[in-house]
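Hello,

Here is the structure we talked about passing on. Please look it over first; my notes follow below.

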Amino acid sequence: MENHLEIEFKNVLTKDEFIRLQQFLGVTENDFFLQVNDYFDTDDFALKKAGCALRIRTKEGHMELTLKEPNDAGLLETNEPISEVERDLLLEHEVFPKGAIEKKLKSMQISLEKISHFGTLTTSRAEIPFYEGLLVLDKR
């Protein structure tokens, strides 16, 4: 399990702005990789109401379960690697993996039995170290 604070600023760019930024940063098509995000919540959006988000991210053959929670300075992310079997059990049978995120959700009184898959977003991403952070370019 890994915890870190996320301070994030998102901007939607036009296609021309994206291309200019990509060229300015020296990012080539070879720098992009595919990632798949599967999002979860309860039918009554208990996580969203609590300011939280829950996802599984699959990239470069690795899967990670992430819970984002509100924090004074941004979002507190709890990340846990999960196996393909654990991912498939959650996606197909709504069986939640054991671990720190499971315990956090229980402590928030979120019913694990009510968590279901709400959608998938696939993007092509490039990540560029930028000052003391990370600059990310996503395209669909």
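The largest pocket has a volume of about 1500 Å³. Its lining counts 41 residues, and Glu-8, Lys-10, Arg-125, Val-136 and Asp-138 are the closest to its centre. E7 gives the largest share, seven residues. By class, this lining holds 16 nonpolar, nine polar and 16 charged residues.

This is a predicted model: local features need pLDDT of at least 70, side-chain atom pairs count only at pLDDT 80 or more, and totals for chains, interfaces and linings use all residues. Residues are numbered from 1 along each chain as its sequence is written, and side-chain values use heavy atoms, with hydrogens and water left out.

Some terms. A pocket is found on a 1 Å grid over the protein atoms alone, as an open set of points where a 1.4 Å probe fits, with protein on both sides within 12 Å along at least five of seven lines; lining residues have an atom within 4 Å of a point. Volume is the space filled by probe spheres set on the points, which are joined across faces, edges and corners. Helices (H or I, at least four residues) and strands (E, at least two) are DSSP runs, numbered from the N terminus. Ala, Val, Leu, Ile, Met, Phe, Trp, Tyr, Cys and Pro count as nonpolar, Asp, Glu, Lys and Arg as charged, and the others, Gly among them, as polar.

The second largest pocket has a volume of about 190 Å³. Among its lining residues are Tyr-39, Phe-40, Phe-45, Leu-47 and Phe-118. E2 gives the most, with three residues. Here the classes are eight nonpolar, no polar and two charged.

**Aromatic rings**

There are three aromatic pairs (ring centres of Phe, Tyr or the six-membered ring of Trp within 6.5 Å; planes under 30 degrees apart are stacked, over 60 edge-to-face, the rest tilted). Phe-45 and Phe-118 make a tilted pair, 5.2 Å centre to centre with 45° between the planes. Phe-45 sits in the loop between E2 and H2 and Phe-118 in strand E6, so the pair ties together parts 73 residues apart in sequence. The rings of Phe-130 and Tyr-131 are edge-to-face, because their centres are 4.9 Å apart and their planes at 85°. Tyr-131 is exposed at 79%, whereas Phe-130 is partly exposed at 38%.

**Salt bridges**

The whole structure has ten salt bridges (a side-chain nitrogen of Lys or Arg within 4 Å of a carboxyl oxygen of Asp or Glu). Lys-59 pairs with Glu-127, with 3.5 Å between the closest N and O atoms. Lys-59 is in strand E3 and Glu-127 in strand E6, so this bridge ties together parts 68 residues apart in sequence. Glu-84 and Arg-87 also form a bridge, at 3.7 Å. They are three residues apart in helix H3 (residues 84-93), so about one helical turn separates them. Lys-98 bridges to Glu-102 at 3.4 Å. Lys-98 is exposed at 65%, but Glu-102 is buried at 7%. Finally, shared partners join Lys-59, Arg-125, Glu-127 and Asp-138 into one network of salt bridges.

Best wishes

How values were computed: Buried < 20%, exposed > 50% of the residue type's maximum accessible area, 1.4 Å probe, protein only.
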